[in-house]
There are 2 protein chains.
Amino acid sequence: MISSHLLVPTESLLLQYGQDSRLCTCSNDQLTLLFSQTYPFDLVELEQLLEAVGWSRRPVRRVRKALTHSLLKVGLWRHDPRVPRLVGFARCTGDGILEATVWDVAVHPLYQGNGLGKQMMTYVLDALGSMGTERVSLFADPEVIHFYQRQGWELEPEGHRCAFWYAS
Amino acid sequence: MISSHLLVPTESLLLQYGQDSRLCTCSNDQLTLLFSQTYPFDLVELEQLLEAVGWSRRPVRRVRKALTHSLLKVGLWRHDPRVPRLVGFARCTGDGILEATVWDVAVHPLYQGNGLGKQMMTYVLDALGSMGTERVSLFADPEVIHFYQRQGWELEPEGHRCAFWYAS
């Protein structure tokens with residue numbers, strides 16, 4: 001994945017976070033934040049992050065399986081040489097060719113309002129683009145519809161509506 | 001995949017179409033129609049089917065890759081001992097645990113209006129259910145929104161809206 005929009009970190013950071021890692025800029029220049037597809041998740045830390053943004057807890061065993069079968073998993077890390085902290089996350093499912101779908105986009109509340117979510121989507125779309133994905137879709141919560149529209153996402157093109165079916 | 005809703009075919013049909021195949025009932029009792037995840041697709045025949053329902057043609061090479069990376073592919077076959085004909089199709093992407101998304105649901109126009117599409121969705125949801133999928137999503141074209149609603153799909157739960165991003 002070669003990002004055309006986000007900065008490449010230093011060699012030592014690339015070693016720690018993977019060659020696909022990219023810097024995430026932020027108003028606080030004391031922080032080093034990076035996107036990575038490689039740095040391993042602690043699933044408890046991931047669920048804590050998702051809980052912090054208000055989502056209900058899910059069994060770790062099922063989350064692990066879901067991540068294994070995801071097309072793309074992106075962590076946003078607050079750099080520390082020993083113990084990086086997970087401050088953002090997104091994942092995609094899909095075939096990676098005709099379709100990909102974005103799920104579980106989260107930035108920790110303490111880090112919101114800094115443009116991190118926008119950079120996260122840039123990273124995700126770059127990664128999907130480099131796979132050759134034609135179309136990316138997502139289901140936007142009411143409070144983030146404008147966030148996505150401002151970034152060039154088309155809301156309900158051709159009158160598409162989304163429908164969900166829940167296992168009983 | 002054990003369907004609780006669709007009939008199991010005879011042993012000889014199970015041999016031809018796979019143990020996961022199920023019968024699809026139809027008003028014309030001269031026809032034997034079956035759903036199968038196993039019977040192999042001819043990609044040209046698949047694209048002809050999708051064209052017949054009005055979708056634009058896609059490069060066969062990309063379709064092949066997309067199918068390879070799909071979670072579930074279902075063909076609806078008009079039985080013939082030697083040359084079964086593909087009369088319907090659906091596929092899903094997803095992690096199969098937390099999420100799955102249905103794409104490319106098609107029934108050939110000559111076979112529409114027989115409840116085949118509804119049985120197709122029953123087959124798809126049974127198969128996803130047996131994987132343990134919690135939630136299934138899809139993007140409904142305006143003309144099929146009621147089709148899905150009648151089958152118990154929830155339209156835009158919690159105010160979700162769908163958004164698409166297209167590779168430039």
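Which residue is the bridge partner of L23(B) in β2(B)? Here are some notes on the way to that pair and beyond.

1. Some ground rules. This is a predicted model, where local features need pLDDT of at least 70, side-chain atom pairs count only at pLDDT 80 or more, and totals for chains, interfaces and linings use all residues. Residues are numbered from 1 along each chain as its sequence is written, chains are lettered from A and ligands numbered from 1 in the order in which they are written, and side-chain values use heavy atoms, leaving out hydrogens and water.

2. The opening pair. L23(B) has L34(B) as its bridge partner in β2(B). The strands β1(B) and β2(B) (residues 33–36) pair in the antiparallel sense over three bridges. Strands here are DSSP runs of E, at least two residues, and helices are runs of H or I, at least four, all numbered from the N terminus; two strands pair if DSSP finds at least two bridges between them.

3. The whole sheet. It's an open sheet of eight strands with mixed pairing, in the order β1(B)-β2(B)-β3(B)-β4(B)-β5(B)-β6(B)-β8(A)-β7(B). At the edges sit β1 (22–24) and β7 of chain B, each pairing on one side only.

4. Strand β8 of chain A (residues 161–166) runs antiparallel to β6(B), joined to it by six bridges. Within that pairing, R161(A) stands opposite A140(B).

5. How the copies relate. The same surface serves both copies, as 100% of chain B's contact residues recur in chain A.

6. The interface. Contact (heavy atoms within 4.5 Å) links 45 residues of chain B with 45 residues of chain A. The two bury about 4,700 Å² between them, with carbon and sulfur atoms giving 60%; buried area is the accessible area (1.4 Å probe) that two parts lose on being put together, summed over both. In chain B, R161(B), F164(B) and W165(B) lose the most area to chain A, together 16% of what that side buries.

7. Charges across the gap. The rule finds six salt bridges across this interface, a salt bridge being a side-chain nitrogen of Lys or Arg within 4 Å of a carboxyl oxygen of Asp or Glu. One example is R91(A) with D95(B), at 2.7 Å, N to O.
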